[in-house]
Amino acid sequence: MSKSAQPKPATCPFTGAGEPPRFPFPRDRQFTLPPEYAAAREGCPVAPVTLWNGQRAWLLTKYADYTAVLVDERFSGEFARDDFPTVTEARRSIDKLEKSFVGMDNPRHDHFRRMLTKEFTTKRMLALKPAVERLTDELLDAMEKAGPPADLVAMLAVELPALVMCDLIGSPYEDHTYIMKLAAGRHGMGQSPEVAAKSANDLVQYCRELIARKEAAPADDMVSRVIQEQVLTDRLTREDLANMLSMVLRAGHDTTTNMIGLGTLLLLRHPEELAKLKADPALVEPAVEELLRFLSPVQFAPRRVALRDVEVNGSTIRQGDGVFAVSASANRDPAEFADPERLDITRDASHHLAFGYGIHRCLGQGLARIELQVVFSKLFQRFPNLAVAEPFESLPFKYDSQIYGLYRLPVTW
Ligand code: HEM
């Protein structure tokens, strides 16, 4: 047994002879989480696991431990550290390329994040709402025109966030397919390190060129404003801005895409909840929070590494051990959410952890909420008889991806 493994109660399924189980756990049951999470919550909430490279890591499976560790400065979120935990070799190589604040500790993290917070205020996000509504209408028009059956993932879920990101950063809409391809190019679990790194590099290069264009011809958009306020006043280099932008593009795309696909399917699988939403459109706000709680599509982040030995809820996490805060598990912790396995769009789930917690909590959550609220309002108004066009068991879930979702969702109406 390695020095990190501590004796645990007999009910803990993660300890005993041999090394702790390999993480990630296989996920092959649509909306059901790997059973290991519930077992860990009950028997050993801070559960030891082994990563692909033999590194020891710990899973935070309960809400209270998740929120405590993510504000504890004895844990680092520096992606560049050699002991920073990853679930694949490809992910390790792209972590090493990450030069934006998502992979930094304070004070550097806050220094850079503050340069963008003005661009993500509620006021700015609400200013984008008319564009989100228009783009959603246009995509639904195209779907209606093409006629059933249609792939909702390709025609709506992938397109909308990419087009909205163009509005946010001030890129021409024609670029959205290219941005989308690069942003998605690094999330597959089977992705080779070379392909993942090339996608990451190409996206930064796209951002460098965008910055040059906006510097030459400023407009009323986020990139132009940050150039004026931070770059031309020598607070931020062009290279640091390119790295930040590329991270925002990646963060804002695949996550929202997968929430649209999964969220639509989940509502269709719960007709009683969908009926409530159709009867009372104001329920869309709590419904989106509940979908985020239930689905928690970011599977293997937030991550941290222990800077010293730390005791967390009965387990000793040793210096250099990795930590995965498992949002999907913490969001189904019965100590925090009553009857957590039940989808209930009327509950107040707004304190869920699908957007992370602590200094790295999602910067774009306001925009994500607007996109999801607009989509789930308009989609079921436009197609009140929307239904899945293929058997549920045959739908291709992204069992192999860092962000959980659907490759395709064939629908009819
Ligand atoms: C439903 C959609 C989304 C989900 C589930 C989601 C989830 C998350 C999570 C879990 C984190 C924390 C990562 C960590 O601690 O390692 C995060 C960070 C972040 N997200 Fe999102 N996100 C979504 C949409 C967006 C959008 C639309 C944007 C931008 C327009 C965005 C921008 C960011 C940024 C910039 C960070 C890094 C924050 C920091 O490190 O300070 N996200 N997101």
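# A chat about strands, domains and the ligand shell

Visitor: Which residues of E5 are buried, and on which sides?
Guide: E5 is covered on both faces, with Arg 303 and Val 305 buried on one side and Arg 304 and Ala 306 buried on the other. Keep in mind that this is a predicted model.

Visitor: What does E5 pair with? Start with E8.
Guide: Strand E5 (residues 303-306) is joined to strand E8 (residues 322-325) by 3 bridges, and the two run antiparallel. Val 305 has Gly 322 as its bridge partner in E8, and Arg 303 has Phe 324.

Visitor: And how do E3 and E5 pair?
Guide: E3 and E5 are linked by 2 bridges in the antiparallel sense. Ala 306 in E5 stands opposite Phe 75.

Visitor: In what order do the strands of that sheet come?
Guide: The order is E1-E2-E8-E5-E3, an open sheet of 5 strands with mixed pairing. Strand E1 (46-50) and strand E3 (75-76) are the edges, each pairing on one side only.

Visitor: What about the sheet with E4, E9 and E10?
Guide: That one is open too, with 3 strands in the order E4-E10-E9 and antiparallel pairing. Its edge strands are strand E4 (150-151) and strand E9 (387-388), each of which pairs on one side only.

Visitor: How many bridges join E9 to E10?
Guide: There are 2 bridges between E9 and strand E10 (residues 410-412), which run antiparallel. In E10, Val 411 is the bridge partner of Val 388.

Visitor: Stepping back, how many helices and strands are there in the chain?
Guide: The protein chain has 16 helices and 10 strands. Its radius of gyration is 21 Å, close to the 22 Å that the globule rule gives for 413 residues, so the chain is as compact as a globular protein of that length. The C-alpha trace spans about 60 × 55 × 35 Å along its principal axes.

Visitor: What percentage of the residues is buried?
Guide: Of the 413 residues, 44% count as buried. As for contacts between residues at least 6 apart in sequence, 73% of them join residues at least 24 apart.

Visitor: How is the chain divided into domains?
Guide: There is domain 1 (1-97 + 298-330) and there is domain 2 (98-296 + 331-412). Their C-alpha centres lie 26 Å apart. Domain 1 gives 32 residues to the contact and domain 2 gives 31 residues.

Visitor: Which helices supply the domain 1 side?
Guide: At least two residues each come from helix H2 (63-69), helix H3 (89-97) and helix H15 (327-330). H3 has the largest share, 6 residues. By class, that side of domain 1 has 16 nonpolar, 9 polar and 7 charged residues.

Visitor: Now the ligand. Which residues come nearest?
Guide: Of the 24 residues around the ligand, the nearest are Gly 252, Pro 302, Gly 356, Cys 362 and Gly 364. Helix H12 (238-269) and helix H16 (365-382) are the elements that give two or more residues to this shell.

Visitor: Which of them gives the largest share?
Guide: H12 does, with 7 residues.

Visitor: What is the shell like by class, and which domains does it draw on?
Guide: The shell has 17 nonpolar, 6 polar and 1 charged residues. Domain 1 and domain 2 each provide at least three residues of the shell.

Visitor: Changing topic: which residues of H9 are buried?
Guide: In helix H9 (residues 176-184), the buried residues are His 176, Ile 179, Met 180, Leu 182 and Ala 183. Their cover includes helix H8 (159-169), helix H10 (193-216) and H12.

Visitor: One more residue. Where is Leu 236?
Guide: Leu 236 sits in the loop between helix H11 (222-231) and H12.

Visitor: Why does Leu 236 count as partly exposed?
Guide: Leu 236 has 18 C-beta neighbours inside 10 Å. A residue counts as buried at 20 or more and as exposed at 12 or fewer, so a count in between makes it partly exposed.

Visitor: What is Leu 236 in contact with, leaving aside neighbours within four places in sequence?
Guide: The contacts of Leu 236 are then Met 115, Gln 230, Val 231 and Leu 241. Arg 114 is 122 residues from Leu 236 in sequence, and the C-alpha to C-alpha distance between the two is 12 Å.

Conventions:
Residues are numbered from 1 along each chain as its sequence is written. This is a predicted model: local features need pLDDT of at least 70, side-chain atom pairs count only at pLDDT 80 or more; totals for chains, interfaces and linings use all residues. Helices (H or I, at least four residues) and strands (E, at least two) are DSSP runs, numbered from the N terminus. The radius of gyration is taken over C-alpha atoms; the globule rule is 2.2 Å times the number of residues to the power 0.38. Two residues are in contact if their C-beta atoms, placed from the backbone, lie within 7 Å. A residue is near a molecule or strand if its C-beta atom, placed from the backbone, lies within 6 Å of it. Ala, Val, Leu, Ile, Met, Phe, Trp, Tyr, Cys and Pro count as nonpolar, Asp, Glu, Lys and Arg as charged, and the others, Gly among them, as polar. Domain bounds come from an automatic or database domain assignment. Two strands pair if DSSP finds at least two bridges between them.
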